[in-house]
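Hi,

Here is the structure I promised to pass on. Have a look at it first, and my notes on what turned up follow below.

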Amino acid sequence: MVLMSTLSCCLKNIANAEKRGKRQVLIKPSSKVIIKFLKVMQKHGYIGDFEIVDNHRSNKIVVDLNGRLNKCGVISPRYDVSLGEIEKWVINLLPSRQFGFIMLTTSQGIMDHEEARRKRIGGKILGFFY
């Protein structure tokens, strides 16, 4: 079996472990995109700390869960999103305007939709979590 999307596999593992009530989850393989995605999730308090384990191949990540995450997923293909279209995607993907975030990859790095709106830039949509 061939792994098509490492980010999709990572978020699916986190969501399944969260549903089962686990305290930790092991994610492999690791990538720069996954690490940046996890940093934003950690900044907003949806996951606890995470640790990168170097195994001289493609690294592993151990993520501490705190039970706050309801759902997370990847949007494939990575659609182009302009500044005006961000609101349309928020309405379609998130259950409420009060909580949840859409992740974008922009020319200034990977960030959530609120930060992209503050910086007034668009980009490509990566995924969401709430």
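Leaving aside neighbours within four places in sequence, which residues is Ser-30 in contact with? They are Ile-35, Ser-58, Asn-59 and Ile-61, where contact means heavy atoms within 4.5 Å. Ser-30 sits in the loop between E1 and H2, and counts as buried because its relative accessibility is 15% (buried is under 20% relative accessible area, exposed over 50% and partly exposed in between, with a 1.4 Å probe and protein chains only).

Before the rest, some housekeeping. This is a predicted model, in which local features need pLDDT of at least 70 and side-chain atom pairs count only at pLDDT 80 or more, while totals for chains, interfaces and linings use all residues. Residues are numbered from 1 along each chain as its sequence is written, and side-chain values use heavy atoms, with hydrogens and water left out.

Now the sheet. Three strands make an open sheet in the order E1-E3-E2, paired antiparallel. (Helices, H or I with at least four residues, and strands, E with at least two, are DSSP runs numbered from the N terminus; two strands pair if DSSP finds at least two bridges between them.) At the edges are E1 (24–27) and E2 (47–53), each of which pairs on one side only. From one strand to the next, the twist averages 20° (axes are lines fitted to C-alpha atoms, for helices over the stretch in contact, and angles run from 0 to 180 degrees between N-to-C directions).

If you want to trace the pairing, E1 and E3 are joined antiparallel by four bridges, and Gln-24 has Asp-64 as its bridge partner in E3. Between E2 and E3 (residues 60–65), also antiparallel, there are five bridges. Glu-51 is partnered there by Val-62 of E3, and Val-53 by Lys-60 of E3. Helix H1 (residues 6–20) packs on this sheet, where it touches E1 and E3, and its direction makes about 160° with that of E1. Helix H2 (residues 32–43) also packs on the sheet, but touches E2 and E3, at about 155° to the direction of E2. The hairpin formed by E2 and E3 has six residues between the strands, and His-56 in the turn has a positive phi of about 60°.

What about the inside? The largest nonpolar core has 27 residues, and among those with the most contacts inside it are Ile-14, Phe-37, Met-41 and Phe-129. (A nonpolar core is a set of buried Ala, Val, Leu, Ile, Met, Phe, Trp, Tyr and Cys residues joined through side-chain atoms within 4.5 Å.) At least two residues of this core come from each of H1, E1, H2, E2, E3, E6 (101–106) and E8 (123–129). Not counting residues up to four places away in sequence, Met-41 touches Leu-11, Tyr-46, Ile-47, Leu-69 and Phe-129. There is also a second, separate core of 15 residues, including Val-81, Ile-102, Ala-116 and Phe-128.

Last, the cysteines. A search of the whole structure found zero disulfides (pairs of cysteine sulfur atoms within 2.5 Å). For Cys-10, the nearest cysteine sulfur is that of Cys-72, 7.6 Å away. Cys-10 has 1% relative accessibility, so it counts as buried, and Cys-72 counts as buried because its value is 9%.

Cheers
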